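Open the model in your viewer and keep the selection tool ready. The tour goes stop by stop.

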Amino acid sequence: MKLNGFLVRSTVVAALGGLLFGFDTAVIAGTTATLRQTYDLSPFLVGLTVASALWGTVIGSMLAGFPGDRIGRRDSLRLMAVLYMISGIGCAVAWNWDVLVAFRFIGGLGIGGSSVLGPMYIAEISPPKLRGRLVGFFQFNVVFGILLAYFSNYVIGLQGLGATEWRWQLGVTAIPAALFFLMLFTIPRSPRWLVKKGRVAEARTVLQMTGEENYEQELQEIVQSIDAEKHLAGEALFSSKYRFPIFLAVSIAMFNQLSGINAILYYLNDIFAHAGFSKVSGNLQAVAIGATNLLFTIIAMSVIDRLGRKTLLLVGSVGTAACLAGVSVIFFTGQHQSLLVWLLVGYIAFFAFSQGAVIWVYLSEVFPNSVRAQGQSLGSFSHWFMNAAISLIFPLMAASSGAYPFVFFAAMMVLQFFVVLFVYPETKGLSLEEMQKKLGIS
């Protein structure tokens, strides 16, 4: 099956939430040193400043399923765009540290909601044979947003803005947020949500417009699936029936963060400073790592529907564990600092090729229609809760020993390898309805 323009546009627009997600979470990396000086912050308060947005994402991801089911995935994404705009403008004009943290928290609500609603929307409009690639485009935009954040920090850092530099770095987010809000008026609702609301004719039109070859058969499968679920109205996500998909969602989300990815991305400039790099060279190294992240996400997207999700996760587990072990050796011995950049580049490459590309695809596939919004929220909640906890603790651990966090992250990647190898099912090439049968929850 070939992509058509309507499907591409709908995917790109929904995935812009991912770009804002990546930009908003990573842009803080270039401001930690300045904020530490401006507000005389201890390592704990630096961690709290970074984690304030992440606690917002925890709540945003936990609650996003409710508007997602009530007003639809697309219209809920509009609410997230508004939160991004409020946060960007608020951070730019923040008059004290408390206000900055509050606006970072509001941005976090938007990030958490986007991480649930964007992949869910794309999965529900995508044909099975293209779903991995299209949902993976959300992650591509997350990574592109991270690269843009690092590049934006680098460019703003060259402007000699002095004490207001961090305000520009955090405030610029409002511009892509406004664009995201406007573009969401150009895409349709999810066909599965439309069927759920009894709007079958509209769902048929959307399936036709997205290029679904057997749109009538696909529509009937969706109708039958949702009709069956109506008999289970009000069924709780936390029941024995959904035990396996819950385990898959929570474990992949936790391993994603236990790899150390966001602790490394958020504190990248601090890690380079610890290894002896200057501020400007640290910003440049960050851009190089962001570019590597983007390149290997593109490679992963091109093969995820052929090689499968499980293969990518296994390859990534081995590669990230090896690179993290190397980083820990550098910090333990204080030698070979010149290899640090290359080990982090290698780590990012393996992460982007595996965990980064797979997580949002997998979360959007393993739950049936009746609890997909709740299940996606649970997976995102687990991801962001671990992210916030690790980002809060990392500066404290790194201050006492630069090496121990990396030893822990490497050990978690070894554990992930065996869990994926023996427990995770492959989901490539199956419709969302066929996936239910494979997991024994049909």
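What follows is a list of selections, with what to look for at each.

**Before you start.** This is a predicted model: local features need pLDDT of at least 70, side-chain atom pairs count only at pLDDT 80 or more, and totals for chains, interfaces and linings use all residues. Residues are numbered from 1 along each chain as its sequence is written, and side-chain values use heavy atoms, with hydrogens and water left out. Helices are DSSP runs of H or I with at least four residues, strands are runs of E with at least two, and both are numbered from the N terminus.

**Stop 1: α1 and α9.** Select residues 5-26 for helix α1 and residues 174-183 for helix α9. Their axes come within 9 Å and cross at roughly 160°. Axes here are lines fitted to C-alpha atoms, for helices over the stretch in contact, and angles run from 0 to 180 degrees between N-to-C directions. The angle makes α1 roughly antiparallel to α9. Angles over 145 degrees count as roughly antiparallel, under 35 as roughly parallel, 65 to 115 as roughly perpendicular, and the rest as oblique. α1 passes α9 in a left-handed crossing: the near helix is turned anticlockwise from the far one by less than a right angle, whereas clockwise would be right-handed.

Now show side chains. On α1, the contact uses Val13, Ala14, Leu16, Gly17, Leu19 and Leu20. On α9, pick Pro176, Ala177, Phe180 and Met183. Contact means heavy atoms within 4.5 Å. By class, this contact has nine nonpolar residues, one polar and no charged. Ala, Val, Leu, Ile, Met, Phe, Trp, Tyr, Cys and Pro count as nonpolar, Asp, Glu, Lys and Arg as charged, and the others, Gly among them, as polar.

Stop 2: Select Arg74 in helix α5 (residues 73-93). Is Arg74 buried or exposed? Arg74 counts as buried, at 15% relative accessibility. Buried means under 20% relative accessible area, exposed over 50%, and partly exposed in between (1.4 Å probe, protein chains only). Leaving aside neighbours within four places in sequence, Arg74 contacts Tyr121, Leu184, Ile187, Pro188 and Arg189.

Move to Pro188, in the loop between α9 and α10 (191-196). Pro188 is buried too, with a relative accessible area of 13%. Pro188 and Arg74 lie 114 residues apart in sequence, yet 7.5 Å apart C-alpha to C-alpha. Beyond residues up to four places away, Pro188 touches Phe6, Ser10, Arg74, Tyr121 and Val206.

**Stop 3: α18 and its partners.** Select helix α7 (residues 131-157) with helix α18 (residues 340-365). The two axes come within 8 Å and cross at roughly 120°. That makes α7 oblique to α18. The crossing is right-handed. Contact residues on α7 include Arg131, Val135 and Phe138; on α18 they include Trp360, Val361 and Glu365. By class, the contact divides into five nonpolar, five polar and two charged residues.

**Stop 4: Asp40.** Select Asp40, in the loop between α2 (32-38) and α3 (43-63). Phi of Asp40 is near 50°, a positive value in a residue other than glycine. Most residues other than glycine have a negative phi. Asp40 is exposed, at 69% relative accessibility.

**Last stop: cysteines.** Select Cys91, buried at 3% relative accessible area, then Cys323, buried at 10%. How many disulfides are there? The count comes to zero, taking a disulfide as a pair of cysteine sulfur atoms within 2.5 Å.
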